[in-house]
Amino acid sequence: MKKHNFNAGPCVLPKQAIESAIEAIRDFDNTGIGILEISHRTPGWERVMAETEQLWRDLLNIPDDYAVLFLGGGASTQFFEVPANLMKKKAAYLQTGVWAKKAAKEAKFYGEVEIVASSEDKNYTYIPKGYKIPTDADYFHITTNNTIYGTEIHEDIDSPVTLVADMSSDIMSRPVDVKKYGLIYGGAQKNVGPAGVTFVIVRKDLLGQTGRNLQTMVDYRTHIGDEPRNNSMFNTPPVFPIFVMHETLKWVKELGGVEEMYKRNKKKAELLYNEIDRNSLFVGTAVKEDRSLMNVCFVMAPGHEALEGEFMAFAKEKGMVGIKGHRSVGGFRASIYNACPLESVGALVACMQEFEKMHK
Ligand code: PLP
C-alpha cells in the first residue's frame, strides 16, 4: 500500500534526490568510487560544495556580504554558537515554543537574556504580538516556525537590532528577505535534506565583535576562512547529507524556486485546514492567523476525544505515517514540508472524511 509520510523531521524528501543519492553511493561523479568512500578533497566534491552554496545563494537571493556555512551539530548546537559569536552583553528572545526556550537557555551562558514575550501561557498556540524589542540587545532571536505547535511567523519582521532566526522547519518554504536578518540557521532535516548538516547564513561584518575568545570550531570565521576560503571545509564536512541537500535544492530550483514552493505549500495547507475546520470530529490547535504552512496540528473535537486512538489506527491502515502529535500537544500533527505531495494531503483529507461518515 502507498505510504503517505507526514513525519516532522527527518521527513519525506524529493524522490529524485533519493534516486541520485542511491546512485552516488554506488558511483560518485563517474569516479567508480561511492560518495561514502571518497575524500572530501577530491575536485568532484569541491564542485558539489561550491554548487550547494550557489544554490542557496540563488534560491534565497543571499547577498555577497553573507557567508553560507554547512556545519555539524544540528540546530541545537547553534543555540550556543549564535550567542558565542554575537552576544556582547545582552540578547532578546521571543519564546514561541520549546525550541525557542532551549535557544534562550543556552544564550544565558554568555550574558543577559530578555524574553520579550512568550506564548507559554497557552501552550504556544499563538505568536505573541505587540512586544517591544529592546534596542540595547545585541540581537533579537525568533523561531520562524514552531514545529511542535504548528505556529509560524509569516513575515520577515522589522527589528531595530540584528535579527537572528531559527528557520529549521520553514526554510525554503517561502521567499525570505535575507537582508532583514543578521543570521539564519537550522537543521537540514525538514525542507533541505537529511539529518546531519546544519546551515548558517551570517552577515560577515557581525563577526569578531564580542571580544570573546572562542574555541576554533565555535568561531564562524574558522569555517568561512581567509582567502582561499575554507568553504565549510576546515574539518571534514558531513559529505553525504550535503550531497542530498545539493540534490534537494536542485529539485527546488527546477520546480521554480521558493516562490513555487510557497504556492504549493499554501495550497496544501489550505486543503488540510479547510477540512479540519469543516469536519465535525476535529479542531485545529493553533490560532488561525498564526497557523503554520508546514506543521498542521489538530485534535479531536470536544465530545469526540475518545475517538483519538481509533482515528490513529484507521489512518495508519490507510497508509498515513507520522501523524501522531508531539506529546506536549497530543492529537495529530501532519507535517507537510516542501517534498510532501498534494496527493498525500488529499489522502489524509479523504481519510478524515471517511472517518467522519463512519461516526455520523
Ligand atoms: N529548532 C526547531 C524549530 C526544530 O524544529 C528543531 C527540531 O525539530 C530544532 C531546532 C532542533 O534541531 P536539531 O535536532 O537539528 O538540533
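1. Let's start with the helix pair: the axes of H1 (residues 15–26) and H6 (residues 239–255) come within 9 Å of each other and cross at roughly 145°. Axes here are lines fitted to C-alpha atoms over the stretch in contact, with angles running from 0 to 180 degrees between N-to-C directions. Helices are DSSP runs of H or I with at least four residues, strands are E runs of at least two, and both are numbered from the N terminus.

2. A word on the model, which is predicted: local features need pLDDT of at least 70 and side-chain atom pairs 80 or more, while totals for chains, interfaces and linings use all residues. Numbering runs from 1 along each chain as its sequence is written.

3. Ala91 sits in strand S3 (residues 90–95). Alanine 91 counts as buried because 27 other C-beta atoms lie within 10 Å; the cut-offs are 20 or more for buried, 12 or fewer for exposed, and partly exposed in between, with C-beta atoms placed from the backbone.

4. Leaving aside residues up to four places away in sequence, alanine 91 touches Pro83, Ala107, Gly111, Val113, Ala137, Asp138, Tyr139 and His141. Contact means C-beta atoms, placed from the backbone, within 7 Å.

Definitions and conventions: Two residues are in contact if their C-beta atoms, placed from the backbone, lie within 7 Å.
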